[in-house]
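Before reading on, please look over the sequence and the model shown here.

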Amino acid sequence: MKKLVIFDLDGTLLNTIEDLGQAANYALERNGYATHSMASYPYFVGNGVRRLMTRVLPEDARDDETVDRVLGDFLEYYDEHCTDYTKPYNGMPELLQDLRDMGVALAVASNKYQKAVDKIIPHFYPDINFIAVEGHREGVNVKPDPSVVFSILARAGVAKADTLYVGDSGVDMETARRACVDSVGVTWGFRSKKELVEYYANVIVNNPVDILGIVENGITIV
C-alpha cells in the first residue's frame, strides 16, 4: 500500500483553465495584444506563469521587459480572480477524503506560484490536511525538476517506493520519473492520453476512483 500520494494541481486536482485564461487575456488586452480562445489555454499552461506569459505573447514580443510587464498585469488579476471559475474535478473530493480516511499522507506539487496555491487549495479543499502544499517559489526550479518532490518526501519521511505521483501532463510524468517514484497519468486534465504515454506514465486512469485501487492494493507498477 502506498503511504504518500503527491498530486499536481492544475488539471489534476482542479480545473483552473478558465481563470488562467481570463487572467492571461486580461493582461494581453491591457497591453494591446491579441487574446486567445479558452480552448487554446490547455496547451499554454504547465510550466509556470512566466512561461505561460511567454507563450501567449507574439513571438516578436517575448523580450524580458514585455514579459515582465504582462506578467505583472496577469498576477494582479489572477490574485483576485483565481477562484471565480475554478472547480474540483468530479470524484476528486471523494478520492481525497477516502485516502485521508485510509491514513494515506497527501501533498500538492504545483508549478503555479506559491501565493496562488496557498489561496486556492484551502478554498476548495478546506477539510483535507495536506502534509505539504508546494507551489513555485523564487529560486526553486519548476517541474519537471524533481526538487519539489524531494522536498515533500523529506517532510513526509516516506520512501520513494511508498510514494505515488499523480498528474495530467508530460511534465508531471517526467517529474515522477526523475524523482524515481511511481506515476499515475490522469485523462481528465489539460493534456492528452497520447502525451501521458509518450512520457512513460506507469499507469493511466480515467476516473479518480481508479487511483484507490493503485494505492490500496499495493499494485506493482510496470
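1. F44 has a relative accessible area of 16% and is therefore buried, where buried means under 20% relative accessible area, exposed over 50%, and partly exposed in between, with a 1.4 Å probe and protein chains only. Y41 also counts as buried, at 0% relative accessibility.

2. This is a predicted model, in which local features need pLDDT of at least 70 and side-chain atom pairs count only at pLDDT 80 or more, while totals for chains, interfaces and linings use all residues. Residues are numbered from 1 along each chain as its sequence is written, and side-chain values use heavy atoms, with hydrogens and water left out.

3. Four aromatic pairs are found in a search of the whole structure, a pair being rings of Phe, Tyr and Trp (its six-membered ring) with centres within 6.5 Å, counted as stacked with planes under 30 degrees apart, edge-to-face over 60 and tilted for the rest. Y41 and F44 form an edge-to-face pair, because their ring planes stand at 80° and the ring centres are 5.3 Å apart. Elsewhere, F74, Y78 and Y113 are joined by ring pairs into a cluster.

4. The count of salt bridges comes to 17, each being a side-chain nitrogen of Lys or Arg within 4 Å of a carboxyl oxygen of Asp or Glu. One of them joins K115 and D79, at 3.3 Å from N to O, and this pair links distant parts of the chain, since K115 belongs to helix 5 (residues 114-124) and D79 to helix 3, 36 residues apart. K115 is exposed at a relative accessible area of 56%, whereas D79 counts as buried at 18%.

5. Another salt bridge is found between E174 and R178, whose closest N and O atoms are 2.9 Å apart. Both residues lie in helix 7 (residues 170-179), four residues apart, or about one turn of the helix. E174 counts as buried at 13% relative accessibility, while R178 is partly exposed at 41%.

6. Which residues lie nearest the centre of the largest pocket? They are G48, V49, R50, H136 and V142, out of 16 lining residues. A pocket here is an open set of points on a 1 Å grid over the protein atoms alone, where a 1.4 Å probe fits, with protein on both sides within 12 Å along at least five of seven lines, and lining residues have an atom within 4 Å of a point.

Definitions and conventions. Helices (H or I, at least four residues) and strands (E, at least two) are DSSP runs, numbered from the N terminus.
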